[in-house]
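Let me put the structure up, and then I'll walk you through a few spots.

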Amino acid sequence: MKNINNNIKAFLLFTVLLLGVSCETLELDKSKDPFNLSPDQADVEFLFNSIEEDFARQIEGDADYTTLDNWQQGGSTNGDGLSLFGAELTRMYGMNNTNSSGYQTVYQANDSDDEWTNAYSGILANIRIMTPLALAAGKTRHVGIAQFIEAYTMTAMVDFYGDVPYTEAAQGAANLSPKVDSGASIYAAALVLLDNAIENFTNETLSNPSVEVFYNNNYNQWVKAANTLKMKLYLQTRLVDNTAIAKFNEIVAEENYIQDSADDLAYRWAGASASNPDSRHPRYGLNYTPTGAGDYASNWYMGTMNASNDPRIRYYFYRQEPAVPGQEIPANEVDLRCSLQSAPPHYVSGGYTFCSLPDGYWGRDHGDNDGVPPDGLKRTTFGVYPAGGKFDADNFEKVYLDNDPVRGAKGRGITPILLASWVNFMKAEVAMAENNLGLAKAEMLEGISKSINKVMSFGPRDPRYDATFAPTSGQIANFNDSVSSNWDNADLNGKWDILAIQQFIAVFGNGIESYNFYRRTGFPTKLQPNRNPNPGNFVRSLYYPANEVNNNSNITQKANQSVPVFWNTNSSPIAN
């Protein structure tokens, strides 16, 4: 029962939960010691709550590294979660850790130990324990949600690692060295799981989960989410399955998928509490600290948004300083070493931003490993969306001041998983693949509009939100018109670039989506390159975790991280 004990912290998270705009309280059964459950005491509700939270953390990671959960070390990365890897590789977040001199060394095998533990010893093992108990009790809704989570989790593991254990996994002492299954077979199994989940969302049940944090037991929404995940998997395999687009379009024709932002699938972090357990959005917990921000924002990402007057930039990013060395203020080697350096030739020849941005957007270039100066209370960090930080109203206050207890939304953010705006981008990609450029443009613009509306709704979560800095309807219209005009004037590759950049911006907070899109399409082609002019081949899949390779005789480490996953047959060059 080690897997249960390792996840008990998750059970305690649900003392206060935000479900939409309402709050609910879960009274734990104090007749059982939650830290010492025996197999016969395994509780369906406890296990279910753990599975839902661990699912969110598989994407988002953790900030406190407590010994009571599956997230105990971050390797060479600041934090954990599959989203972090994908976000850094696609310039959504800054990729600047000490190993980032080249792609094949930026992530080490021990960087994935926690993600692997959480997926197998957490999510999958607890699903295997809970499912027979839930079925015996007639709790088919619990089973359906677990099937959805298993389908998403295991296909995401394929997306990042390739062939991984599945059919022999989570058997405990009965099989300590499970063999890997092909990524294609895991995808096929996931689609069956989703069909079974839909059945369990619509059949008779004896009871619903007492606390269900995603949709608050709305199973019409769960059915939409399951169909949307099927759409995502079909889109993902369109290069290796000539029937995938037809299957995708069949679901579109049935219209029972996520189309409205009210049906978005996202994990809502309760916020405020930093311990016992930490219920804040992990990116908030790692950046709103007494020493300031722990992450660097991406110069490419912020520069792209700032240059295009993107209405979402004040919600995504919070500036602690009004200017960056080398821009409006003199260069400073202590705060920003590169501000006294010349851009490398490959940056100059490509016309890429180097080192710094105007207007106080203090970040890092892709692959910058100059070291970490004492700039935590100067660098730009996460804003109110989706991390639950501060809205940027040109106040340039520090993220953490001892005499100021108001620190934005205090981590009351979301982990976006499947959003209506993203579905429009999925449909736009399919339209591009079918050479329907008009439909692709329409879907892209609709996705942008939904994204902007959702992001702006987060402003009031910051008690000091200043609506006078919110974008006006005219500014939003100008932005949309600019994207539309650029599309009309672009050739086919240029249109793909525009679609890709807008997709990257709309999926902020979920690097799984941008990483998959980038490998699947090869766009955008104009991403800021690695600082190293010879960074080696792009990371097409991660190393297997060190702990698994050392302890599983049926897993052999990859020769390198250039090995593509089964659906990544795209021959387009990935920019370095």
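This is a predicted model: local features need pLDDT of at least 70, side-chain atom pairs count only at pLDDT 80 or more; totals for chains, interfaces and linings use all residues.

Proline 524 sits in the loop between α19 and α20 (546–551).

Residues are numbered from 1 along each chain as its sequence is written, and side-chain values use heavy atoms, with hydrogens and water left out.

There's another cis bond, between tyrosine 385 and proline 386, with omega about -10°. Proline 386 lies in the loop between β7 (381–382) and β8 (414–418).

Now some backbone angles. Cysteine 355 isn't a glycine, but its phi is positive, near 75°. You'll find cysteine 355 in the loop between α14 (345–350) and β7. Is cysteine 355 buried or exposed? Cysteine 355 is buried, at a relative accessible area of 3%; buried here means under 20%, exposed over 50%, partly exposed in between, with a 1.4 Å probe and protein chains only. Asparagine 217 has a positive phi too, near 65°, and belongs to the loop between α8 (183–202) and α9 (219–236).

On to helix α4, residues 82–89: how many of its residues are buried? It's 8 of 8, and among them are Phe85, Gly86 and Glu88. The cover over those buried residues includes α3 (44–60), α6 (113–136), α7 (140–161) and α19 (511–521). After α4 comes arginine 91, with a positive phi near 65°.

Last stop, the second largest pocket, which holds about 550 Å³ of space. Of its 21 lining residues, Trp300, Thr304, Ser308, Asn486 and Ile501 are the closest to its centre. A pocket here is an open set of points on a 1 Å grid over the protein atoms alone, where a 1.4 Å probe fits, with protein on both sides within 12 Å along at least five of seven lines; lining residues have an atom within 4 Å of a point. The volume is the space filled by probe spheres set on those points, which are joined across faces, edges and corners. Which element gives the largest share of the lining? That's α18, with 6 residues.

Note on methods:
Helices (H or I, at least four residues) and strands (E, at least two) are DSSP runs, numbered from the N terminus. Contact means heavy atoms within 4.5 Å.
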